[in-house]
Amino acid sequence: MEHELETTLTVNGTTLRRRIEARQHLVDFLREELGLTGSHIGCEHGVCGACTVRVDGEIVRGCLMLAVQANGCQVETIEGLSDSGELAALQKAFHERNALQCGFCTPGMLMAARDLQVRNPKASRDQIRAHLAGNYCRCTGYQAIIDAVEDVLHGKS
Amino acid sequence: MGKAELPLHAPGTQVDRGYIGQSVPRANAQRLLQGRGSFTDDLRFPRLAHAVFFRSPYAHANVKRLEFKQALRAPGVIGVFDGRAVAEYCTPWVAVLAHLKGIKSPPQHAIAIERACWQGEAVAVVVAETRSQAEDAVALIEAEWEELPAVVDMDEALAGKTVIHPELGDNVCFKREHDTGGVDEAFAQADVVVEETYHFGRHTGVCLEGRAILADYNAAEHSLTVYHATQAPHMMQDIFSRHLNIPEGNVRVIAKDVGGSFGIKVHVYADEMATAALSVMLRRPVKFVADRLESFVSDIHAREHKVKVRLACTRAGEILAFDLDDLTAIGPYSVYPRTSGIEGNQVVNLTGGPYKHQKYRARMNVVFTNKNVTCQYRAVGHPIAVALTEGIVDRAAAELKIDPGEFRRRNLIPDDAYPYTFPSGIKFEKLSHHQTLDKLLDLMDYKSLRSQQADLIKKGSYRGIGLAAMIEVTNPSPAFYGVGGARISAQDGATLRLEPTGMVTVLCSVTEQGQGTDAIFGQIAASAVGVTIDKVRVITGDTGVTPYGGGTWASRGAGIGGEAVLLAGRALRSNILDIAAAVLKMDKAELDLVGNEVVNRLTAEPKMPLAELGRIAYFRPDTLPLDFQSELTVTRHYTPRQYGFTFTNGIQASYVEVDPDTGFVKLLKHWCVEDCGTVINPMLVDEQIRGGVVQGIGAALYEECLYGPDGQLLNGNMADYLVPMAGEMPDIVCAHIETPTQQSQLGAKGVGEAGTAGAPGAVMNAINDALAPLGARVTQMPFTPERILAALGKVAR
């Protein structure tokens, strides 16, 4: 294929060197080339948040970033943050509160919630709602998600 | 003298009810929380090919010519096909049902032949080695179109100047009239008559996971395995079998994790049928996943209704009669196999549903248009019936200057009136309207909220309180589809198997899309058998392994599937105790099964761990009496039959603030009191209600599929089609009345649709309550800032 670029990136701690089609989105690369199917594709234009992953410590939409733009970057996905235990408290609270139904939005939601936990660990309920307002969930109506994040931030879980 | 009758359970032991009524977290949520679920698009197969559809850019057009030459030369392309090629492998269907008298619809093909009838209808397909290659090749298909007049407006469709399917004679798919008689007399005698017309915007499900199917044909066996994001695997097994001409026994449908459904994934979609046909044609696995843009133009839409309703009432506030005229448009085809006549039918059945008036007349027309098809979406018809009923009830209350809570109290069917036949013909086993109303008003502190509202108006802050009482169809019997000739099971089955280790495996025909079906079946099975919940594994969504059944729709999973699990659990427990009695040489009646142990029923003394019983039954049956055969796998089925539907009831309230300068509505709080009978898992029930309420709020405030006059969908993407997000949603307070159905031993009714049924009406009434002092009123959903400002006379209509 033409328009491929030699790309080196670290995904969940493993450094990879691949020729990647310039047009391939990061989330497609993670899913199709690496089999990391925990990051989901919901809208492909940056609205729903299902593909949220972390690149060099910042959460990004995996459908708005090209894989080749991750050259030299640290990419972290739901699988990596689950194995490292970084999301354990949030996952436990989500489980106890049933802050997920179908689970399709959940990896992205957890990524966004973790981002808030790191940046603003004392966030109020309204701030939690605002921070998660870019992640679409059709099932829960959000309240259980807000409750779960509040439990973690305010030390109830 | 025989032995004295022993009590069913030893004192102090928790048996049978056990986990029922407890908020047990869902075991199957763990994999989803780590991104380790397996949704259909996550599956990887050797030789997997990817289908991408070429869709009509016009609402109505003849396909004069399709040119595939360039597309066929594109890298990775395996084949490009039109409707005729696919029709060789997949027969068309006609979505009508015998009990919807007079319903008509033309045959629909997997890929349209010669003519496209809505923007987004597929007329060709590319199959390639990757999805991106297939998308590239679709862009190389050349098509020559002849545009035809598009019928977009409902009234024009009904008038029939242009008929979409000339062979059908007109654009009317289905009509129904219902009349108890005496309606005109009731209106003539009435002290007060109120009338209003309500408009309901067309909206859609927006499941976060797009529709997804992976069909894997095995030419050697002439067998088809379909991994399908579906709510109804057995229904789809039958349909794949009949339309692809493969024996049903050779078709297996597997629903892995499904990313939301809400009714969207219970229908037959042409592109999905084409995908299955392509797998047969190409003798290899083929996958299709709808992306977001094609979801908007091909997932079913719902709820495009215009309804005129009149209510007759006495001066004392007694409702005498309802008179209804509903017009709804469904796109160019009735959707297979459930038909698109059901939503309108439900509006006729349910309008006025909570109230005790005796006179009712309804007229309803379902018309074809050149827009995407509509069909059953969460709460089918209920949001419309509830909103127009509750809207006109509030009008009557306002006319009589009676408080809306008090007006409802005077008219709700009394709690001791059951069984009760409603004037539309539907029958209620037992409802609790007055209990739910009392509980709601108490829960929300209605009186103080009213005085708060009055105080704030003085400060120029416009708040409103809206109530919406409701009834909901749950646990449908064969009266819903089976009697009309649809091969859709109203029955479900559960198989329970005790494993040698003392684990219990549950296989059930009801499916899981996140509601918590698997979790509640685990709770019921553990309770019925007498094991701890960690000993239960639940498998659903595979026609190859579960009993035959209907799947998940119409709020039927808990009430029907749950009852099958309960019956099977009790039977398994009895079989286990037969073995225990044989091993221990005791009378079965002296034994019980509690917490994974066989115990003495009276003393609760442990007699044998279940794992030991399993070991003996499976590996040392030689030690059991010669005339004894253990049976550690049992299957039971359940179908509700005494009533057509097991109706539930509830009431919601919404508290909003309307900004008269911007037209924005701020949702302050929402309440729901629901009676779904036995509550199996309170946390999951409340989450069903909350999620449903928010979907209903979406309908009330944000969501509408907007079409231009040429039939083009104008906002078919997630940036332009607004859905509820976390920032705007209120906290939702839930409470329950429990009136178990007497038809089953479990007593559970459905709850999945209640929130969506009532929320739009409650929000509408709250907005209008807030607008009342300003002399404005809105009746067209969604209530966008623009529509509210127009009602206030601040912008042009």
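The model is predicted: local features need pLDDT of at least 70, side-chain atom pairs count only at pLDDT 80 or more, and totals for chains, interfaces and linings use all residues. Residues are numbered from 1 along each chain as its sequence is written, while chains are lettered from A and ligands numbered from 1 in the order in which they are written.

I begin with the whole chain. Chain B has 20 helices and 30 strands, these being DSSP runs numbered from the N terminus (helices H or I, at least four residues; strands E, at least two). Of its 797 residues, 60% are buried, meaning that 20 or more other C-beta atoms, placed from the backbone, lie within 10 Å of the residue's own. The C-alpha trace of chain B spans about 85 × 75 × 50 Å along its principal axes.

Next, helix α7 of chain B, residues 233–244. Its 12 residues reach 16 Å from first C-alpha to last, close to the 16 Å expected, where the expected span is 1.5 Å times one less than the number of residues. Nine of the 12 residues are buried, among them B:Phe240 and B:Leu244. The cover includes β11 (223–228), β12 (251–254) and α8 (270–282) of chain B. B:Asn245 follows α7(B), with a positive phi near 55°.

Finally, the interface. Here 43 residues of chain B are in contact with 40 residues of chain A, contact requiring C-beta atoms, placed from the backbone, within 7 Å. The largest share of chain B's side, seven residues, comes from α18(B).

Terms used: Two residues are in contact if their C-beta atoms, placed from the backbone, lie within 7 Å.
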